[in-house]
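Work through the exercises below with the sequence and the structure open. Each task is followed by a solution in steps.

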Amino acid sequence: MQNICITACFVMLQGAPKLKVAIVGGGLAGLSTAVELLDQGYEVDIYEGRQWVGGKVASFVDKDGNHIEMGLHVFFGCYFNLFRLMAKCGVLENLLLKEHTHTFCNNDGDVRELDFRFFLNGQKIGAPFHGLKAFFTTPQLAPIDKVANSLALGTSPIVRALFDPEGGMRDIRALDNISFEDWFKSHGGSDASVKRMWDPIAYALGFLDCKDISARCMLTIFQFFATKTDASVLRMLNGSPAERLLKPITDYVEAKGGRIHTRQGCKEVLYEQGPDGKPRVTGLLIGKQGKQQVITADAYVAALDVPGAQRLLPQEWRKFPEFDNIYKLVGVPVITVQLRYDGWVTELQDAARVKDLRSPAGLDNLLYSADTYFSCFADLALTSPVEYFREGQGSLMQCVITPAAPYMPWTNEAIAAETDKQVRQLFPSARNLNVTWHSLVKIGQSLYREAPGVDPFRPDQATPVPNFFLAGSYTKQDYIDSMEGATLSGRQCAAAVLKAAPLLEGAKQQEKQVVAV
């Protein structure tokens, strides 16, 4: 896979040029790009339009001291590039390992597991056998659906990936034109498997159901689950993303000499036609109206999401298919709801603990449901207690509503009330509790829509404009739109800048000679 090949790109030649790079966007993709380039001795400035960094991973504190997140952030064991970044910045210790099981919460307290924990005679049994055990034993599916499930997955490219990872990945990429549901059913999978298991997982991964998400997207994840023992284990931050993930990364960037400029969004990309007929960026117009300035660099990176990239790119550049294809991508809406209760919502074992607020109680993991309009959720007071557990207060349920489009016009109060109603529908333990606080975050375009046939429209990090590069999880990389995808795209973007550096340095020296003459 591409990330395996990247390492060689970072071995710089003696005397290789060190460029000045301007990065637009302070999300994970921009931060990842910056870290890699700073490690190579580059001069890096990040320009972020909002008052905080992090993009879709950001969080902030409201006037009452509540930490508000943009979404529910879960770290799969196959987030190798993100873990590498976190280790470099000294932040891996902020991840809390959860039990190696995926938990499905059905109506009326019916909790069922997809349990990857597998031991024989005290020995841990790994991939692929732990996955086979999980799918054969899960009570979430009826016996006939387990057989159908096994038939479909047993005839997938995942099998090839067990002994030929590169070949398996090529086969998975070739399935981009078909939905996961169509592929799954054509291989013997059942409708009940889709509705009770795969739809909630698909919503959690890409905010789409199985009939709308590409088979490539889903099978990419399953390939990791099948071949890497701990790829399917989940971790969550011990507190808020701002404090436990982003601050250590920005501290690293600044310690390396990087500069982060918040409230300094890019309004326009300035460019001219080069002698070869290709555009060449000459600067960026940065800042608010009346306080704008033009900044210059040797290389420029747009580390944005799909709508951000579409707004920033000069319209004239759409003559290049690589840029025009970006306008064929569209983001998926999502709503994240936080509900604070005066007891422990998911404590189903001990009724006396439900109202005991001295310590958290309940299900400490990411949770899925096929019975509610929120596909995945968690009690942050349990999973991420440093910022979210408060003595004297109970569960902080964070619920992700997908598909969100039908509910975007609803008022915040109506969405909060409906979410609370469905929480009580799942958990009898919540039915005598009260909601004491709530918040909502609506994002009109979040992850790009990984629908069948969309993958060819994703651009490479290097572009037809020699000194202009792209980063973002929507760009070409062998993972889905996610924190890992964003981080990997940043590494690939930095590699593209390094590869182009001699030519960019040569062009800069030629310009100096022309000016001198």
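The exercises cover a sheet, a helix, a helix pair and some backbone details.

The model is predicted, so local features need pLDDT of at least 70 and side-chain atom pairs count only at pLDDT 80 or more, while totals for chains, interfaces and linings use all residues. Residues are numbered from 1 along each chain as its sequence is written, and side-chain values use heavy atoms, with hydrogens and water left out.

**Exercise 1. Give the strand order of the open sheet of three strands.**

Step 1. Take helices (H or I, at least four residues) and strands (E, at least two) as DSSP runs, numbered from the N terminus. Two strands pair if DSSP finds at least two bridges between them.
Step 2. S5 and S11 (residues 234-237) are antiparallel and share two bridges. Across this pair, Phe76 stands opposite Leu234.
Step 3. The order is S5-S11-S6, with antiparallel pairing.

**Exercise 2. Describe helix H11 (residues 241-255).**

Step 1. The expected span is 1.5 Å times one less than the number of residues. With 15 residues, H11 reaches 20 Å from first to last C-alpha, close to the 21 Å expected.
Step 2. The bend at a residue is the angle between axes fitted to the seven residues ending there and the seven starting there. In H11 a kink of about 35 degrees lies at Lys247, shortly before Pro248.
Step 3. Buried means under 20% relative accessible area, exposed over 50%, and partly exposed in between (1.4 Å probe, protein chains only). The buried residues of H11 include Leu245, Leu246, Pro248 and Ile249.
Step 4. Gly257, with a positive phi near 100 degrees, follows H11.

**Exercise 3. Describe how H4 (residues 129-137) and H5 (residues 143-154) pack.**

Step 1. Axes are lines fitted to C-alpha atoms, for helices over the stretch in contact, and angles run from 0 to 180 degrees between N-to-C directions. The two axes come within 9 Å and cross at roughly 150 degrees.
Step 2. With contact meaning heavy atoms within 4.5 Å, H4 contributes Phe135, Phe136 and Thr137, and H5 contributes Lys146, Asn149, Ser150 and Leu153.

**Exercise 4. What is the peptide bond from Thr402 to Pro403?**

Step 1. Pro403 is in the loop between S20 (396-401) and H16 (412-426).
Step 2. The bond is cis, with omega near -5 degrees.
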